[in-house]
Amino acid sequence: EPLRKRGRLSPPLTGRDTTIDFALVTLSYEGIEIDPDEDHPFYIAPHGRVVRIQRDLDREQKLLEALAKEKLQPLTRKVIASHHLPPHALGFKREEQWRTFVTQGVTRLREAGWQVEMPTDFRHYIVRVDAWEMAIHDEESGWLDLDMGIMVEGERLALAPLLHTLFAHDERWLDVKRLATIADGEEILFRAPSGLRFTLPAGRLKPLAATLIDLFDGRSATTLRLPRHDALRLARLAEQARCRMRGGESAMELAERIKNAGQVQALAQPADFGLPLRPYQLEGLAWLQYLREQQLGGILADDMGLGKTAQTLAHLLCEKQAGRLDRPSLIVMPTSLVFNWQREAQRFAPALRVLTLHGKERGEAFALIPQHDLCITTYPLLWRDEAQLLKHDYHYVILDEAQAVKNAMSRAAAVVRKLTTRHHLCITGTPLENHLGELWSQFDFLMPGFLGDSKQFTATWRTPIEKQGNALRRDILAQRVAPFILRRRKEDVASELPPKSIIVRSVELSGAQRDLYETVRSAMDERVRDEIAARGFQRSQIVILDALLKLRQVCCDPRLLKSNTAARVKERAKLELLMEMLPELISEGRRILLFSQFTSMLGLIEEELEAQGIDYVKLTGATRKREEVVAAFQTGAVPVFLISLKAGGVGLNLTAADTVIHYDPWWNPAAENQATDRAHRIGQQKRVFVYKLVVAGSIEEKILALQERKAELAAGILGEDSSALAKFSESDIHALLAPLPSEKKRTDRR
């Protein structure tokens, strides 16, 4: 007769001080159960008759060997006697071994031929999940409701509250590095509201954590909500977690369209466009056309100098030639870019009717808006002209240098959100300059609600990423925004560009200038510490910035610091270094752009240039005839162009230059890179040399280290790399205010 082995896991037997779990093992021959240790051939059958059983000893031995591998051991005589257990009861020495046995060992025994019976009131009773499903409800309001569930012994359980409890109590799931250490085969124990215990394999849960962890912040509702533009995230989740899907067909179609945005094929450039577009620019044009077709917003975020203006003009020309530009498009930009847009529109797309809403007499132009294809205005004028601009509907509202609306509470940011338009587009080479709030502000314009409101975004993304260095949050955010950002770097798509060499020229302070730096540093360090102690770090920002400003001014030139003590200082180490460099560079035929944060510093440099008879032009916010100044440099009339970083960091094409000098470093590497890219851009034929003048050991040298950390933040979110993030904290401030090191020789670092 067939032989079966039966193991029973019994309910716990509770003694005075101890709970005992045990298993009983019996042999079953045609319903007759016998003790494995019995060795006689005669047994009493259920109907009362005595029968003889021919036992299959070889089969029994194999089954018992499989049982032995699970490490179940006979209980001691003392335990058996004190709890009145059957003499052949088995158990484990440690209670946690039962969980491993129930979740893994029972499966192995059943595969070996055992029948395992487990009463539902057994203390370690754990069941496996029968099925997973994901239900998506696509609401007309633009939100997707996600209802994840599992089937356990015929009962459907909502998965979201169970995961919320897991993520809240096991921190391994909240960090990408620790998440990777969880073995896919690890069984994670859950308890249903009914008390039922079950396990889920970690390999099925890890995609949920890596994709949806932000949705569990402080929430335990059955249904999770996310914006419709996040449909791609659900599509990836369904594939990774191997869930059965119900509903959400239109959301999955949208996910496919969003996914395809990164795979569009290059288009032919529009007829009569006055510039041969490069292959990557034609791909950019196709991307813009695809976004428009799919009713999606996006950020054209190519590096400076790769022709974002040209791609946008080609896109608008395509719209006009296709008959879709039946309304005007409005583009908002910094004042410094107006001339550049006017010039390039006239050169490349003369068929576009362009109206400039700028200047004191612009009031007469508002009535002409419907008669034009492209209307140009500026951020400073946007809120002043709000009433006039809101009278019209637009085909596109485009923000150039879109990081200019990084403050969502500004007047300009408020106005652009009120404009009625079919499509939205942002253009910027630096979508993320200083912090993630700038990225949120742009997406709040492009797709309101996609990244939540400002408060939610700070709690869910900014604080974990910027202050806590949470790489898992960073990666999730990067994946979410990636389909809507087209970012190409010059080294990737413009290989014909000549190389760019960055050279840090260091100089040491000496004499009275060094003493002044230490005097100011010591006083400001004490003041900052007192202020932080009294008011806290966050409320001490004004004092901190003032301290850093004064130290930077001493490094640039003591005369920038308005005090009697500073006025008596004759040493100007950095200015002397500059004036040593310039004659040599000019004699080599170099064409030089010289940037500074301080317009007053440019004035001091002017005096030195005039004293040495060096010709130059200057561009600051006060310059009125920008075109004439630019032309004088581009045509070779002068070898030096003095530019304030704020006024000339964008909107200039200065390919006549082959040398860039940053007189004073600034926290934001994007601002410096933008300035450098006035020269290192398409059209440049010569190698570009970039000099950064830095006082050794000073606040300036420490700024260079902070610049790298800013770059890491941008790179991590924009998908260029996955460098670890670092936070800017009180300890950084104290490091910036540290004393100068002992004097050493000047060094050049390349």
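## The largest cavity

The lining of the largest cavity has seven nonpolar, three polar and four charged residues. Here Ala, Val, Leu, Ile, Met, Phe, Trp, Tyr, Cys and Pro count as nonpolar, Asp, Glu, Lys and Arg as charged, and the others, Gly among them, as polar. The model is predicted: local features need pLDDT of at least 70 and side-chain atom pairs pLDDT 80 or more, while totals for chains, interfaces and linings use all residues. Residues are numbered from 1 along each chain as its sequence is written, and side-chain values use heavy atoms, without hydrogens and water.

The volume of the largest cavity is about 110 Å³. Of the 14 residues that line this cavity, D230, R233, R236, Q479 and R480 are the closest to its centre. A cavity is a set of points, on a 1 Å grid over the protein atoms alone, where a 1.4 Å probe fits but cannot get out; lining residues have an atom within 4 Å of a point. A volume is the space filled by probe spheres set on the points, which are joined across faces, edges and corners.

## Helix α7 and the lining

With four residues, α7 gives the most to the lining of the largest cavity. Helices (H or I, at least four residues) and strands (E, at least two) are DSSP runs, numbered from the N terminus.

## Two residues compared

A202 is found in helix α6 and is buried, with a relative accessible area of 0%. I44 lies in strand β6 (residues 42–44) and is exposed, at 62%. Buried means under 20% relative accessible area, exposed over 50%, and partly exposed in between (1.4 Å probe, protein chains only).

Key
On a 1 Å grid over the protein atoms alone, a cavity is a set of points where a 1.4 Å probe fits but cannot get out, and a pocket is an open set with protein on both sides within 12 Å along at least five of seven lines; lining residues have an atom within 4 Å of a point.
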